[in-house]
Amino acid sequence: MYILAFESSCDETACAVLEMDENKRILKSNIIASQVDIHALYGGVVPEIASRAHIEAVSKITYEALEAAGITLDEVDAICVTNGPGLIGALLVCVNFAKSLAFANNIPLVPVDHIKGHVASNYLTHTELEPPFLALVVSGGHTSFFDVKSYTEYEEIASTRDDAVGECFDKIGRVMGLPYPGGAAMDRLAKEGDRNAISFPSPAISKDTLDFSFSGLKTAVVNYLNTKNQKGEEIPRANVAASCTRSIVEAVSSKVQMALKKTGYKKIVLAGGVSANSHIRAGIDKVCKKCGAEFYAPDLFLCGDNAAMIGAQGYYEYLDGVRADESLNAYPS
Ligand code: KG4
Ligand code: ZN
């Protein structure tokens, strides 16, 4: 079946076409209109501007996605759309667009959770991957472990108690004057520095919990940078990036090991924008080799927000009988 999928939860307007069936997971087109350049001027996403930019982009990318896939709207069997979590005004743009398209053309409409979508990006990269498994979602808004019992049944078993890991990377990147958003730039810079140069607090909290806390690390690094600035001292940016990344990688790796042990799973799936981080991938890979567990992560082009992942998850929601009617709404959290 052909799926047309939409995503507008934050600052990417995205539309994708997928061909899915029992033995087929094919991404036919994947169009993303990014607003990064607009929000870079403000150092963060401005919700009002994001909603307006989604409205401007959505029709155009829909035509592009259908054309690139070589299909027409008549051939679409289901329309899938992210309806939460995310920025409410941003979400409402694609929810309403998808709703209108679905009801005007008599096509089933399927609402999709953004977080489950991130995990489902792995179904497109690893076409043999099936639940159950342990999932770790690391993004700009989330850092959580899930027990993925089936394609649609998720149980959150741990999360961050404050900031998400992506927020931590972005804030430190911003204070160091790195390009927005800071995560990708921090990844590159960390490769040039000494990971043992500076000792920063661990986001791992304690050995008794799978939860994280990133606010202490974030504040410690920002204080370090402010103190250096006040003293007029040069900031060893690569060492800061490497040392802070080390703290994050060690915490994530140790929690992955604990979570595998606690759940008994021998399979872990990483997802979300921060899953592109080369140091985190290497850290988890090492732990999995040690524990004899399989490690899955999405192709780099599927790590950030996109509609391909929404279509992949939407397919399994569709099979489960999930449908939305005219009253479909968006939810922020
Ligand atoms: O999943 P995503 O695109 O949006 C949310 O749903 O939040 O994640 C965006 C986050 C941003 O914080 C961005 O800086 C981070 O993913 N990110 C990275 C890397 N690439 C993107 N963080 C660390 N290393 C990267 N290579
Ligand atoms: Zn996301």
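This is a predicted model: local features need pLDDT of at least 70, side-chain atom pairs count only at pLDDT 80 or more; totals for chains, interfaces and linings use all residues.
## Placement of ligand 1

The shell comprises 19 residues, of which the closest are His118, Gly140, Asp170, Asp187 and Gly273.

## Polar contacts and burial of the ligand

Histidine 118 places a polar side-chain atom 3.0 Å from an oxygen atom of ligand 1. For aspartate 187, an N or O atom of the side chain lies 3.0 Å from a nitrogen atom of the ligand. Aspartate 305 approaches through its backbone: a polar atom there is 3.2 Å from an oxygen atom of ligand 1.

The protein buries 84% of the 560 Å² that ligand 1 exposes when taken alone.

## Alanine 308

Alanine 308 belongs to helix H10, which spans residues 308-319. Its relative accessibility is 0%, and alanine 308 is therefore classed as buried, the cut-off for that class being under 20%.

When neighbours within four places in sequence are set aside, the contacts of alanine 308 are Ala16, Leu18, Leu27, Asn30, Leu124 and Leu302. Between alanine 308 and lysine 116, the C-alpha separation is 12 Å, although the two residues stand 192 residues apart along the chain.

Key. Residues are numbered from 1 along each chain as its sequence is written. Chains are lettered from A and ligands numbered from 1 in the order in which they are written. Side-chain values use heavy atoms; hydrogens and water are left out. Helices (H or I, at least four residues) and strands (E, at least two) are DSSP runs, numbered from the N terminus. Buried means under 20% relative accessible area, exposed over 50%, partly exposed in between (1.4 Å probe, protein chains only). Contact means heavy atoms within 4.5 Å. A residue is near a molecule or strand if one of its heavy atoms lies within 4 Å of it. A polar contact is a pair of N or O atoms within 3.5 Å; within protein, one must be able to donate a hydrogen and the other to accept it, and residues adjacent in sequence count only if both atoms are side-chain atoms. Accessible areas come from the Shrake-Rupley method with a 1.4 Å probe; for residues, only the protein chains shown count as cover.
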